[in-house]
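Have a look at the model first.

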Amino acid sequence: MRYRSVILLTTLLLLGTGCPGYDRYDRVVDQDGLVPADQFAAYGSEQAQAVAIGRAFGSAYTGDAPEARARQIAAAVTFARQQRDVATVVADTMASLLTVTFSSGWRKAIIPINDGVPAEMTVGLPPGKR
């Protein structure tokens, strides 16, 4: 009887730890292992605009509800279209990312950046559209 209890408890423990979490947003915005945002922004004007768009994307986060996610993406797309070198913006609502094509032809997938720095304060950010 005791042996069966141990097996049952072990099985329940293994099943409980094997269930995946469904909070994808925290994994998407995790910046561990990436070049720091300010360092990437210092690489050039388009890189600074990409970081600023990511920061605008991250600061617009208000929750995981579909309506909140739609507002977040709309705010990021609006900010992206105001940038000088942005040619096109395509939102992927399921993956929480934007695909931005710059006027030079460079295409960049942008995820939310939650580092507490306002988008407008990004190092090297040029003025908006001409």
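Predicted model: local features only at pLDDT ≥ 70, side-chain atom pairs only at ≥ 80, totals over all residues.

Is W106 buried, partly exposed or exposed? W106 is partly exposed, with a relative accessible area of 27%. For the wording here, buried means under 20% relative accessible area, exposed means over 50%, and partly exposed is in between, using a 1.4 Å probe and protein chains only.

Residues are numbered from 1 along each chain as its sequence is written, and side-chain values use heavy atoms, with hydrogens and water left out.

The protein chain has 5 helices and 3 strands, in the order α-α-α-α-α-β-β-β from the N terminus. Both are DSSP runs: helices are H or I with at least four residues, strands are E with at least two. Of the 130 residues, 32% are buried.

Now the rings. Searching the whole structure turns up 2 aromatic pairs:

| Pair | Centre distance | Plane angle | Type |
|---|---|---|---|
| F40 and Y43 | 5.7 Å | 70° | edge-to-face |
| F102 and W106 | 5.1 Å | 20° | stacked |

Rings of Phe, Tyr and Trp (its six-membered ring) pair if their centres lie within 6.5 Å; planes under 30 degrees apart are stacked, over 60 edge-to-face, and the rest tilted.
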